[in-house]
Amino acid sequence: MKPWKTKDRKLILDDSPWLTVEHHTVELPDGKVIPNWPWVTTPDYINVVAMTEDEQFLCFRQVKYGIEGVTLSVVGGYINEGEEPLVAAKRELLEETGYEAPDWFSLGSYLVDPNRGIATGHLFLAHGAHYITPRDADDLEEQELIFLTREEIEQAIEKGEIKVLAWAAAVAFALRHMQQE
């Protein structure tokens, strides 16, 4: 198999650092050229499934602008320029919850939409989270920090209460990892 080739790029929208949109001219391996292939770039991000020392999952009950109703979520945030994903994950856990964790496991890094750009999501499991300091989150949405048992978070996945694919995947990957421990 041969890769596609980017022949040209045209900037359509620059709302850096949050969003850029380009049109690419792409050449397929058979020589066919596709003009105006949409390409979207957003910052890479992390999601953290955090478990406290007493094996409770740290989650949020919250609203998001693009989600109808209330959703459950895990810790998440953008990676700052030059920041390593694990460093970002530790920073976001502390900012959003006031908790730190000594034990971290990577659940993998995944492209959001490889044909259109978007971002890479880096997923983590944090064990042994314990309270350090009051939250210092800059989230715009209203959110409530809650603690769920393993059974409750499994039920939340089954009932569709975690409405964002990356969050649900992070929880599912974390639960799978925990079964293998």
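1. Helix α3 gives the most to the lining of the second largest pocket, supplying four residues; helices here are DSSP runs of H or I with at least four residues, and strands are E runs of at least two, numbered from the N terminus. This is a predicted model, in which local features need pLDDT of at least 70 and side-chain atom pairs count only at pLDDT 80 or more, while totals for chains, interfaces and linings use all residues. Residues are numbered from 1 along each chain as its sequence is written, and side-chain values use heavy atoms, with hydrogens and water left out.

2. The second largest pocket has a volume of about 200 Å³, where a pocket is an open set of points on a 1 Å grid over the protein atoms alone where a 1.4 Å probe fits, with protein on both sides within 12 Å along at least five of seven lines, and lining residues have an atom within 4 Å of a point. Grid points are joined across faces, edges and corners, and the volume is the space filled by probe spheres set on the points. Among the residues lining the second largest pocket are Tyr-45, Leu-123 and Phe-173.

3. The largest pocket holds about 1,200 Å³ of space and is lined by 43 residues, with Trp-18, Tyr-45, Gly-76, Gly-77 and Tyr-78 nearest its centre.

4. Ile-157 is found in helix α2 (residues 150–158). Leaving aside residues up to four places away in sequence, Ile-157 touches Ile-162, Ala-168 and Val-171, contact meaning heavy atoms within 4.5 Å.
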